[in-house]
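Hi everyone, thanks for making time for this. I'd like to walk you through one protein model, so let me put it up on the screen.

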Amino acid sequence: MADTAFSRDDDHLAGQRPVLTVAVVGLGQMGQSHAIAYHGNPGYQIVGLVNRSGTALPDQLKHYRTFTDLDAVLALKPDVVSINTHTDTHAQYAITAMEAGAHVFVEKPLALTVTDAERVVATAHRTGRKLVVGYILRHHPSWVEFVTQARLLGPPFVMRMNLNQRSTGRAWVLHKRLLENVSPVVDCGVHYLDVMLQITDSAPVQVRGMGVRLSDEIASDQVNYGHLQVTFADGSVGWYEAGWGPMISETAHFVKDVMGPRGSVSIVKEDDTGSADVHSHTKTSRLRIHRVADGKDKVLSMADEPDHYGLCAREQQFLLEAIWEDQNLEQHMKDAVRSLAVVLAADQSMREGRAIDLSI
């Protein structure tokens, strides 16, 4: 199976939706997770994996054909290309794949600059290909409920969020590689700015970022801890914090909290998993909801929520249905660019020591 270039016509059986061929580019933590999702979905057929670093693969993926560069796998004419490489390659790989005729899934952040992100979106428009960006929280039922409950509280809103990760060994090596392109505020922050923008449904007007270099193991112009404050046109304010490295505190590393005139809602993390556990980054356990009207707190259990792999499966099912049903992804793409623009402005603020006015 892994050594065959599949014919698209073989899958267009009468009365059935076509199976989409997919090539997965980048097989780190997220790339492997998405590849496993494609492997388990009967709507996809993996035709190639691009594994430039020779990363060891789990048993589910070992029998698939592997390549060392994008052009080689594009020669198979896949219907979908899944891009899970470092951020500095996202924009060009996505553009190249769409120009070759493939629909694209690309991990966040979409690009290193707003200009490049807009180039990717423009290519999707020009080629008529679907573009889905890996905003995994949008596919998490507990986070969807969190946004729904938060929107009932205002405006204005106070939004407090963070995702700090203590990383050592191989994880710290990975984070140091990521720091060559993006700060933690950019890499992780796009998720939580996207959540804030969904809650407020209001334009961000100004952002200020602050960052600190906490390790001699990274370049002098890099910061491995940062936070931002953003204000919105409706009077809402948001705060986000992110840090990577062996020095990061495990105290209050997971805060997801929204307040408004009518009350508050918080994600309550009950287990004792540390900040390094990727599976804990999306886990909610419970939502604690406070309503001013009755002065009481209500707790919603999220015990049956999907795990990390389940969420990746939901993301790829979303892409599959968007292609099958020719869904309009215009708002999805606009939101991806907008959240990226805010965190990049925060990064600029961090480096220039001044607030950045926004017009997005």
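Predicted model: local features only at pLDDT ≥ 70, side-chain atom pairs only at ≥ 80, totals over all residues.

The mean pLDDT of the protein is 92, and 92% of its residues reach 70 or more. There are stretches to treat with care, though. Over residues 1-15, pLDDT stays under 50, and the model has 21 contacts beyond four places in sequence for that stretch. Residues 278-282 also stay under 50, with 19 contacts beyond four places in sequence.

Next, the annotation. UniProt, in an unreviewed entry, places the feature "domain: Gfo/Idh/MocA-like oxidoreductase N-terminal" at residues 21-135. Over residues 21-135, the chain is 38% helix and 22% strand.

Now for the helix pair. Two packed helices are described by the angle between their axes and the distance between the axes. Here, helix α3, residues 87-99, packs with helix α4, residues 114-127, at an angle of about 10°, and their axes are 9 Å apart. Since angles under 35 degrees count as roughly parallel, that makes α3 roughly parallel to α4.

Which residues in α3 meet α4? On the α3 side they are Ala91, Gln92, Ala94, Ile95, Met98 and Glu99. On the α4 side we find Asp116, Arg119, Val120, Thr123, Ala124, Arg126 and Thr127. Sorted by class, the contact has six nonpolar, three polar and four charged residues.

Let's zoom in on Leu20, which is found in strand β1, residues 20-25. Is Leu20 buried or exposed? Its relative accessibility is 6%, so Leu20 counts as buried. Leaving aside neighbours within four places in sequence, Leu20 is in contact with Gly43, Tyr44, Gln45, Asp79, Val80, Leu320, Ile323 and Trp324. Leu20 and Pro42 are 22 residues apart in sequence, and their C-alpha atoms are 9.2 Å apart in space.

My last stop is His139. Where does His139 lie? You'll find His139 in the loop between β6, residues 131-133, and α5, residues 141-151. Under 20% relative accessible area means buried, so at 13% His139 counts as buried. Not counting residues up to four places away in sequence, His139 touches Leu311, Arg314, Glu315 and Phe318.

That's my tour, and I'm happy to go back to any part of it.

Conventions. Residues numbered from 1 in each chain as written. Heavy atoms only, no water. Axes fitted to C-alpha atoms, helices over the stretch in contact; angles between N-to-C directions. Helix = DSSP H or I, 4+ residues; strand = E, 2+ residues; numbered from the N terminus. Parallel < 35°, antiparallel > 145°, perpendicular 65-115°, else oblique. Contact = heavy atoms within 4.5 Å. Nonpolar A, V, L, I, M, F, W, Y, C, P; charged D, E, K, R; others polar. UniProt positions renumbered as here; feature names shortened; annotations may be inferred. pLDDT = per-residue confidence, 0-100. Buried < 20%, exposed > 50% of the residue type's maximum accessible area, 1.4 Å probe, protein only.
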